[in-house]
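Good morning, and thank you for coming. Please look at the sequence and the structure on the screen while I describe how the chain is arranged.

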Amino acid sequence: MQDFTGKTAFITGGASGVGLGMAKAFAKAGANVVIGDIQTDRLTDAASQLAHITDAVLTLEVDTTDIGGLEQAAQQIERTFSPVSILCNNAGIGGGGEVLATPDERWQRVMGVNLWGPLNGVKVFLPGMLERGGEGHIVNTASFSGIQGHHSQGAYGTSKFASVGFSEFLRNDLAASAISVSVLCPHVVDTPIFYPDLKPSETDAIAERRASMPWLQDIAVSADTVGEQVLAAIRSGEFYIFCDGGDSRSMLEQRCADMLAAMERQFPS
Ligand SMILES: NC(=O)c1ccc[n+]([C@@H]2O[C@H](COP(=O)([O-])OP(=O)(O)OC[C@H]3O[C@@H](n4cnc5c(N)ncnc54)[C@H](O)[C@@H]3O)[C@@H](O)[C@H]2O)c1
């Protein structure tokens with residue numbers, strides 16, 4: 001997809017961080033942007049930021065784990081703009097920690113938002129995209145934690161590996177159609193996901209929390225940069241979207257080397 005003018009993009013979790021970065025990039029490219037989120041205050045704040053770029057903005061309070069809510073969102077989007085042709089299943093929550101130390105409720109919520117959310121998005125929007133027959137694009141936000149298993153990220157990392165797998169199978173399903181797919185795999189992006197309990201207005205507490213995470217400033221890319229990277233990847237038809245080539249390159253090399261070494265031991269060439 002090259003031309004975004006007048007196309008409608010729906011971005012879940014679009015009121016903050018990576019989702020808002022995508023919304024800004026798509027708005028600058030001329031798209032109608034619809035951001036869905038569960039946090040009303042963030043939606044209001046995001047809408048005022050987007051208003052500096054475009055008038056074609058719709059905010060919707062919608063929880064991606066609620067398929068009925070997504071169906072209503074689809075109807076409202078069609079009434080306001082045109083049917084969705086760029087779907088960004090981006091809403092996600094953290095949930096690190098060791099496997100046994102993570103309570104069942106956390107596992108279920110993380111899998112519910114990070115895997116079932118994108119699945120619900122595809123079930124609600126993809127049939128119409130296929131029926132209408134025009135070109136379309138789906139971006140699923142996974143993570144580099146879904147590419148290489150680093151640190152203790154049991155529930156989160158598992159959900160993101162599932163998101164990468166889901167995206168690969170969806171790409172296969174859609175290979176003969178005009179709908180293309182990307183999977184977004186950022187390593188670290190500077191967003192409120194690292195302090196989800198704090199409201200944007202709690203600026204002192206946010207500053208204090210950020211000071212306790214110096215690595216965030218050291219290695220993170222900005223959400224606006226990621227938004228532009230997604231736009232460029234859609235235009236060039238890129239499936240895997242990586243957001244930095246530093247640490248993540250060596251982690252990916254290590255994973256591939258480990259797997260190939262195991263195959264070589266078991267089946268020497
Ligand atoms: N920040 C990072 O370092 C990083 C790295 C890799 C991947 N990601 C992924 O990027 C995506 C966006 O995260 P972010 O860092 O921008 O975080 P964020 O917290 O800034 O934004 C996520 C937004 O999703 C919303 N949300 C959560 N659950 C929802 C639901 N069920 N329905 C609708 N909205 C919901 C939140 O209210 C929030 O506004 C997530 O999928 C996350 O896993 C983030």
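I begin with a definition: a residue is buried if 20 or more other C-beta atoms lie within 10 Å of its own, exposed if 12 or fewer, and partly exposed in between, with C-beta atoms placed from the backbone. Helices (H or I, at least four residues) and strands (E, at least two) are DSSP runs, numbered from the N terminus. The model is a predicted one, in which local features need pLDDT of at least 70 and side-chain atom pairs count only at pLDDT 80 or more, while totals for chains, interfaces and linings use all residues. Residues are numbered from 1 along each chain as its sequence is written.

Let me start with strand 2. Of its 6 residues, 6 are buried, so strand 2 is largely enclosed by the rest of the structure. In a regular strand, side chains alternate between the two faces of the sheet. Here Asn32, Val34 and Gly36 point one way from strand 2, while Val33, Ile35 and Asp37 point the other way.

Now the chain as a whole. It has 9 helices and 9 strands. Its radius of gyration, taken over C-alpha atoms, is 18 Å, close to the 18 Å from the globule rule (2.2 Å times the number of residues to the power 0.38) for 269 residues, so the chain is as compact as a globular protein of that length. Of the 269 residues, 42% count as buried.

Contact means that the C-beta atoms of two residues, placed from the backbone, lie within 7 Å.

Some individual pairings follow. Strand 1 and strand 2 are joined in the parallel sense over 5 bridges, and Ala9 has Val33 as its bridge partner in strand 2. Strand 4 (residues 84-89) and strand 5 (residues 136-141) are joined by 4 bridges, with Leu87 opposite Ile138. Between strand 5 and strand 6 there are 6 bridges, and His137 stands opposite Ser180. In strand 6 (residues 179-185), 6 of the 7 residues are buried.

Leaving aside residues up to four places away in sequence, Phe26 touches Phe4, Ala9, Ala31, Val33, Ile86 and Leu231. The C-alpha atoms of Phe26 and Phe4 are separated by 7.2 Å, although these residues are 22 residues apart along the chain.

Finally, the ligand. Which element supplies the largest share of the shell around the ligand? Helix 1 does, with 3 residues.

Conventions. Two strands pair if DSSP finds at least two bridges between them.
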